[in-house]
Amino acid sequence: MTDTPFHTLNPDKVIDAVESLGYLSDLRVFPLNSYENRVYQFGLEDAEPIIAKFYRPARWSDEQILEEHEFSRALAELEIPIVAPLERDGKSLFEFDDFRFALYPRRGGHAPELTDLDTLYRLGQQLGRLHELGKAQSFSHRPSLNLQTFGIDSREFLLAENFIPGSLTEAYATLSQHLIDAMEPILAATPTNSIRLHGDCHPGNILLRPDSLYLVDLDDARNGPAVQDIWMLLSGERPQKQQQLGEIIAGYEEFCEFDSRELALVETLRTLRLMNYAAWLARRWQDPAFPMAFPWFNTERYWAEHILELREQLAALGEPPLEIL
């Protein structure tokens with residue numbers, strides 16, 4: 001698989017790729033909001049539109065993509081609301097002109113309101129069902145969430161590639177090392193059961209529909225602690241987070257036991273996400289779509305605010321973990 005740049009992926013190529021599988025386009029191809037991959041709504045003659053997802057070259061291996069597809073299908077077979085890839089002749093991963101792609105049914109909906117306690121309870125139920133299947137076995141090919149890849153590697157990449165402005169380099173280097181030194185014993189001391197996760201369970205990857213709450217986009221599915229799929233659903237001050245957590249866990253434990261000791265990892269996981277996100281933007285900066293979509297990135301102001309966020313996280317790592325009341 002070559003590292004084909006996305007700028008060669010135009011609407012004509014999208015149409016040719018999908019029609020190569022026997023679909024007939026009505027020539028309506030609309031790009032959807034996606035940066036890591038390229039995603040399109042694809043109109044069909046005499047049928048509902050479908051979604052075509054073209055994978056970023058060289059990011060995942062075929063085995064890693066297919067493992068995600070298999071997990072999605074297993075969830076769908078249990079009637080867990082998930083958007084699983086479509087199959088043609090028993091296949092779900094296709095290739096056209098060095099681009100790998102998959103097709104999905106279109107599902108409308110909107111992001112849920114996470115201040116609604118009933119919605120959080122229902123989300124807890126869905127995650128409990130997902131994790132009950134997820135803990136049956138681990139991913140063999142997809143990666144694990146860990147300090148090395150999300151924290152240490154992110155730090156080293158940003159410093160090696162000189163993304164941090166000179167006036168802030170020392171502050172970032174020192175602070176990020178302090179964070180790594182603080183997170184390492186927390187991770188070592190916290191018992192966890194690494195399971196198959198959604199991996200990126202934030203409101204943008206949840207669709208509220210009249211019939212259900214759908215979890216979408218398992219592109220970041222990986223092995224890790226169950227709390228990774230829970231902490232991003234919490235917001236506000238500590239009392240609000242405690243109440244939200246209680247609703248989520250009440251729904252969750254209808255289907256899957258939750259180890260409350262993992263709550264000690266919440267601020268560590270938040271810190272790793274912040275560090276990894278900055279490095280993700282930097283690694284993709286040569287993709288023309290990124291400077292257009294994230295014009296505020298890689299400015300001195302951005303890095304100053306990022307360092308401030310990390311300072312706040314260093315303090316948060318020392319705070320008592322949330323509790324299930």
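Q: In which loop is D89 found?
A: This is a predicted model, in which local features need pLDDT of at least 70, side-chain atom pairs count only at pLDDT 80 or more, and totals for chains, interfaces and linings use all residues. Residues are numbered from 1 along each chain as its sequence is written, and side-chain values use heavy atoms, with hydrogens and water left out. Helices (H or I, at least four residues) and strands (E, at least two) are DSSP runs numbered from the N terminus. On that numbering, D89 sits in the loop between α2 and β4 (94-96).

Q: Is D89 buried or exposed?
A: Buried means under 20% relative accessible area, exposed over 50%, and partly exposed in between, using a 1.4 Å probe and protein chains only. The relative accessible area of D89 is 80%, so D89 is exposed.

Q: What is the phi of D89?
A: Most residues other than glycine have a negative phi. D89 is a residue other than glycine with a positive value, and its phi is near 55°.

Q: Is N162 buried or exposed, and at what relative accessibility?
A: N162 belongs to the loop between α4 and α5 (166-189). Its phi is positive, about 60°, although N162 is not a glycine. N162 counts as exposed because its relative accessibility is 65%.

Q: Which side chain of opposite charge is nearest to R155?
A: R155 is in helix α4. Lys and Arg count as positive and Asp and Glu as negative, while His and the chain ends are not counted. R155 is buried and has no salt bridge, a salt bridge being a side-chain nitrogen of Lys or Arg within 4 Å of a carboxyl oxygen of Asp or Glu. At 5.5 Å, the nearest side chain of opposite charge is that of E156.

Q: Which residues does R155 touch, not counting residues up to four places away in sequence?
A: Contact means heavy atoms within 4.5 Å. With residues up to four places away in sequence left out, R155 touches Y172, A173, S176, Q177, I180 and M275.

Q: How many residues apart are E36 and R56?
A: Their side chains meet in a salt bridge, at 3.7 Å from N to O. The pair links distant parts of the chain, with E36 in the loop between β1 (25-31) and β2 and R56 in the loop between β3 and α2, a separation of 20 residues.

Q: Is R59 buried or partly exposed?
A: The side chains of R59 and E36 form a salt bridge of 2.9 Å, N to O. This pair also spans distant parts of the chain, R59 in the loop between β3 and α2 and E36 in the loop between β1 and β2, 23 residues apart. E36 counts as buried because its relative accessibility is 10%. The value for R59 is 23%, so R59 counts as partly exposed.

Q: What is the relative accessible area of K53?
A: D217 and K53 form a salt bridge, their closest N and O atoms lying 3.8 Å apart. The two are 164 residues apart, D217 in the loop between β8 (213-215) and β9 (222-224) and K53 in strand β3. D217 counts as partly exposed because its relative accessibility is 38%. K53 is buried, with a relative accessible area of 7%.

Q: Which residues are linked in a network of salt bridges?
A: The whole structure has 20 salt bridges. One network of them links E36, R38, K53, R56, R59, D217, D219, D220, R222, R284 and D287.

Q: Which residues that line the largest pocket are the closest to its centre?
A: On a 1 Å grid over the protein atoms alone, a pocket is an open set of points with protein on both sides within 12 Å along at least five of seven lines, and lining residues have an atom within 4 Å of a point. Grid points are joined across faces, edges and corners, and a volume is the space filled by probe spheres set on the points. The largest pocket has a volume of about 1700 Å³. Of its 50 lining residues, the closest to the centre are D200, N205, D217, D219 and D220.

Q: How many residues of the lining of the largest pocket are charged?
A: Ala, Val, Leu, Ile, Met, Phe, Trp, Tyr, Cys and Pro count as nonpolar, Asp, Glu, Lys and Arg as charged, and the others, Gly among them, as polar. The lining holds 21 nonpolar and 14 polar residues, and its charged residues number 15.

Q: Which element supplies the largest share of the lining of the second largest pocket?
A: The second largest pocket has a volume of about 640 Å³. Of its 27 lining residues, K241, E267, R270, Q313 and A316 are the closest to its centre. At least two lining residues come from each of α6 (238-252), α7 and α9 (300-316). The largest share, 7 residues, comes from α7.

Notes: On a 1 Å grid over the protein atoms alone, a cavity is a set of points where a 1.4 Å probe fits but cannot get out, and a pocket is an open set with protein on both sides within 12 Å along at least five of seven lines; lining residues have an atom within 4 Å of a point.
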